Amino acid sequence: MFGSAMAFGLMAIAIRYATRYVPTQEVAFFRNGFGLLALLPMLLRPGHAPLRTQQLPRYFVRSAIGLASMLCGFWAIGHLPLAQAISLSYSTPLFVTLAAVLWLGEKVRFRRWAAVIAGFIGVLVIVRPGSNGFAAGSLIAVLAALLSALVAIQIKQLTRVDGPDTVVFYTYVFWVPLSLVPALFVWVWPSAIAWAWLVATGVLGTAGQLLWTRALKLGEVSALTPISFTQLPLVTLLGWLLFDQALDRWTVIGALIILGSNAYIAHREAVLARRAATQSPSAAAKPIE
């Protein structure tokens, strides 16, 4: 998980540099294209399970929403202070909880609702609507988190049938042509230095995704979530060193609230999952009445 956080943090830096040379839409296309190229040798190696699916329409919808989230997130990284853009991206689990209730009918009790409300207070602290420090661009970062939450719910549905590698593969298969369409309207041929940053964006993004999925397979979410937060201090430090971005106190306060809320939500989900696992054997042992 630490490796994943570092990869995603460095990808944000690569995106920031890449958007200096080419439009956001083009950055997204090359991130997906180079990401797919980095992924193919692992997924198509001899002995790997066949990547078959009967859910292509669902993958198209998931990829379209994911691309919209990516474009909003990349724009935020390229135009907002990095610490603010990354902090707001951590509001995704808050929207996931809401979407799980509305979409999947999951039951959320008082303590998790309190954590979600606290998290949204943290979002408001960073965005500060109605104040002199409010920037409309911060709402694009919030929109990216909302759309990312919808994608997370769709991935949960897709993985009930397909394996994680299949989900990643078909996501990229749709992402590449879908992201090419908006890129063509603003196309700028990349310079040599731009190519370097675009390749880095794709490779680091794919590495981060692969490390993240394997971390979740090996460890508990409640233990891994705090480790994923190390992306924020890395990006904040590099934003200060490379782009002379001062750290805003409201971003610090809001980020701490959001991260604390996320950590508690992950902890509660792990507790409930363990409780369900310990109760299920005894329930299965009960005689049929």
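This is a predicted model: local features need pLDDT of at least 70, side-chain atom pairs count only at pLDDT 80 or more; totals for chains, interfaces and linings use all residues.
Two packed helices are described by the angle between their axes and the distance between the axes. Helix α2 spans residues 24-43 and helix α8 residues 164-185; their axes come within 8 Å and cross at roughly 150 degrees. Angles over 145 degrees count as roughly antiparallel, and α2 and α8 are therefore roughly antiparallel to each other. Their crossing is left-handed. On the α2 side, the contact is made by Gln25, Glu26, Ala28, Phe29, Arg31, Asn32, Gly33, Gly35, Leu36, Leu39, Leu40 and Leu43. Helix α8 contributes Asp165, Val168, Phe169, Tyr172, Trp175, Val176, Ser179, Leu180, Pro182 and Ala183. Of the residues in this contact between α2 and α8, 14 are nonpolar, five are polar and three are charged.

Side chains of opposite charge can pair when their charged atoms come close. With a cut-off of 4 Å between a side-chain nitrogen of Lys or Arg and a carboxyl oxygen of Asp or Glu, the count comes to one salt bridge. This salt bridge joins Asp248 and Arg128, whose closest N and O atoms are 3.6 Å apart. Asp248 lies in the loop between α11 (231-243) and α12 (249-285), and Arg128 in the loop between α6 (110-127) and α7 (137-158), so the pair ties together parts that are 120 residues apart in sequence. Asp248 has a relative accessible area of 29% and is partly exposed. Arg128, at 22% relative accessibility, also counts as partly exposed.

Definitions and conventions:
Residues are numbered from 1 along each chain as its sequence is written. Side-chain values use heavy atoms; hydrogens and water are left out. Axes are lines fitted to C-alpha atoms, for helices over the stretch in contact, and angles run from 0 to 180 degrees between N-to-C directions. Helices (H or I, at least four residues) and strands (E, at least two) are DSSP runs, numbered from the N terminus. Angles under 35 degrees count as roughly parallel, over 145 as roughly antiparallel, 65 to 115 as roughly perpendicular and the rest as oblique. A crossing is left-handed if the near helix is turned anticlockwise from the far one by less than a right angle, and right-handed if clockwise. Contact means heavy atoms within 4.5 Å. Ala, Val, Leu, Ile, Met, Phe, Trp, Tyr, Cys and Pro count as nonpolar, Asp, Glu, Lys and Arg as charged, and the others, Gly among them, as polar. Buried means under 20% relative accessible area, exposed over 50%, partly exposed in between (1.4 Å probe, protein chains only).
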